[in-house]
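Please read them beside the sequence and the coordinates.

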Amino acid sequence: MSNLSYRTAGESHGKALITLVEGMPAGVALDKDFIDNELRRRQGGYGRGGRQKIETDVVDFLTGVRMGKSIGSPIAMLIPNKDFRLDDPDKTPALSRPRPGHADLAGSVKWLTTDCRETLERASARETAARVAAGGLARCLLKAFNIEVFGFVRQVGEAIASVDVTESNWREMLVKRDTSEVYCPDENADVQMRDFITNAKMAKDTAGGIVEAHVFGCPMGLGSCMTWDGRLDSRIAAAVVAIQAFKGVEFGMGFNVAKLPGSKVHDEIFFDASKKDSPTLGFARGSNNAGGIEGGMTNSAPIIVRGAMKPISTLGKPLRSIDLNTKEPSEAGWERSDISAISAASCIMENVIAFEVARAFMEKFGGDSMTEVRANYENYLAAARKLPLD
Ligand SMILES: Cc1cc2nc3c(=O)[nH]c(=O)nc-3n(C[C@H](O)[C@H](O)[C@H](O)COP(=O)(O)O)c2cc1C
């Protein structure tokens, strides 16, 4: 069994961010332009703070890549920080007034310091650039098997994108999303979302929202019901809630399943012999309320995930807090900050989900080289098409 995994390192104002990916088979064509474009999208969006004007994130492959292809060894990627100032006390002064909603208070007590900066530098979502690089790499593997991920902003405030994303229209939606500063493919909702974020800014407040991702082209059976941590939905949920400020995740119909009887929730099963040669093997569903995963395994319908992000916790009009040095009441500290990072969050969620799908893909079809992985993939589909086996 192949074990595709990654770790990240780096502080917000440290020298660089680092991603180490292990378990990538040899022979994956690595599209640096694609990964750099994802990093650029992560920096964008309506309501971002000044940091994004300083940085131009691009990935530098330090190891594991030769002439644009993986060679099977660990892949180390580096994203330099132009705004390196962690060692300069004038530019990164101590912060002793923890911000409600941030990692400041719990982290300072945990690491026995009154300087919240020592926690916030790592808690900061600047680190997600390294996760996007890992997801971008995973997507190079997935694309070789026509597995694609599309994410966008579904909701900000009361504004909800009124779009139905399908396997046949998602590329059009992507074009629309990419013309929207909020990363929302619905023009009307885009205007309302920007208004909400502008109003938050005027009120020295912040905004959160809901983002949505769809994964197309997964064959039946990624993930497993045999172990609790082999379930793909549990892994995706963990990866999504591990994104800073994400507090909720749902699949397909999501929490609405609680309101309806089973007959209105479960997706009826059909078979279309003319589609037997496609990765769906000819199986079709009357709906996709399950969001493409049943029993922790892909069922060949698109995976649909939504994540809820709370509003940014650094407020221009700070909430009440205390000073850790005196324990006296004080306003929370302020750091250069985003008003909204929901657009970036949609890009991050796409990429962390992609990594989990690639991990499950490698567990099922893993081999040392792409030649082996492809053979395993084809053999499995060929065997599944022959069902019932003698
Ligand atoms: C893309 C992105 C950008 C963020 N930018 C900020 C920011 O500028 N200021 C801030 O206070 N929090 C920001 N956050 C949220 C904090 O990183 C997060 O609230 C903090 O690390 C505490 O973690 P928790 O909210 O998961 O409990 C951002 C989150 C994401 C995903």
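1. Helix H4 (117–123) gives the most to the lining of the largest pocket, with 6 residues. A pocket is an open set of points on a 1 Å grid over the protein atoms alone, with protein on both sides within 12 Å along at least five of seven lines, and lining residues have an atom within 4 Å of a point. This is a predicted model, in which local features need pLDDT of at least 70 and side-chain atom pairs count only at pLDDT 80 or more, while totals for chains, interfaces and linings use all residues. Residues are numbered from 1 along each chain as its sequence is written, and side-chain values use heavy atoms, with hydrogens and water left out.

2. The space in the largest pocket is about 1000 Å³, a volume being the space filled by probe spheres set on grid points that are joined across faces, edges and corners. The pocket has 48 lining residues, and the closest to its centre are His102, Ala123, Ser124, Ala125 and Arg126. Helix H2 (51–54), strand E10 and helix H9, like H4, each supply at least two residues of the lining.

3. Arginine 99 sits in the loop between strand E6 (75–80) and helix H3 (104–110). Is this residue buried or exposed? Arginine 99 counts as buried because its relative accessibility is 5%; the cut-offs are under 20% for buried and over 50% for exposed, with partly exposed in between (1.4 Å probe, protein chains only). Leaving aside residues up to four places away in sequence, Arg99 touches Asp104, Leu120, Ser313, Thr314, Ala332, Gly333 and Glu335, where contact means heavy atoms within 4.5 Å. Arg99 and Thr314 are 215 residues apart in sequence, yet their C-alpha atoms are 6.5 Å apart.

4. Arg99 also lines the largest cavity, along with Pro100, Ser313, Leu315, Pro318, Leu319, Ala332 and Gly333. A cavity is a set of grid points where a 1.4 Å probe fits but cannot get out.

5. An open sheet of 5 strands has the order E8-E7-E9-E15-E10, with antiparallel pairing; strands pair if DSSP finds at least two bridges between them. Its edge strands, E8 (159–160) and E10 (246–251), each pair on one side only. Strand E7 (residues 148–156) is joined to E8 over 2 bridges, and Gln155 stands opposite Ile160 in E8.

6. E9 pairs with E7 over 7 bridges, with Val149 and Val215 as bridge partners. Another 7 bridges join E9 to E15, where Ala213 is partnered by Val305. E9 is largely enclosed by the rest of the structure, because 7 of its 8 residues are buried.

7. Helix H9 (residues 342–365) packs on the sheet, touching E7, E9 (209–216), E10 and E15 (303–309), and its direction makes about 35° with that of E9. Axes are lines fitted to C-alpha atoms, for helices over the stretch in contact, and angles between N-to-C directions run from 0 to 180 degrees. One residue of interest is Met349, whose contacts include Val211, Ala213, Phe246 and Val305.

8. The largest nonpolar core has 87 residues, and among those with the most contacts inside it are Met349, Ile353, Val357 and Phe361. Such a core is a set of buried Ala, Val, Leu, Ile, Met, Phe, Trp, Tyr and Cys residues joined through side-chain atoms within 4.5 Å. H9 gives the most to this core, with 14 residues.

Terms used. Helices (H or I, at least four residues) and strands (E, at least two) are DSSP runs, numbered from the N terminus.
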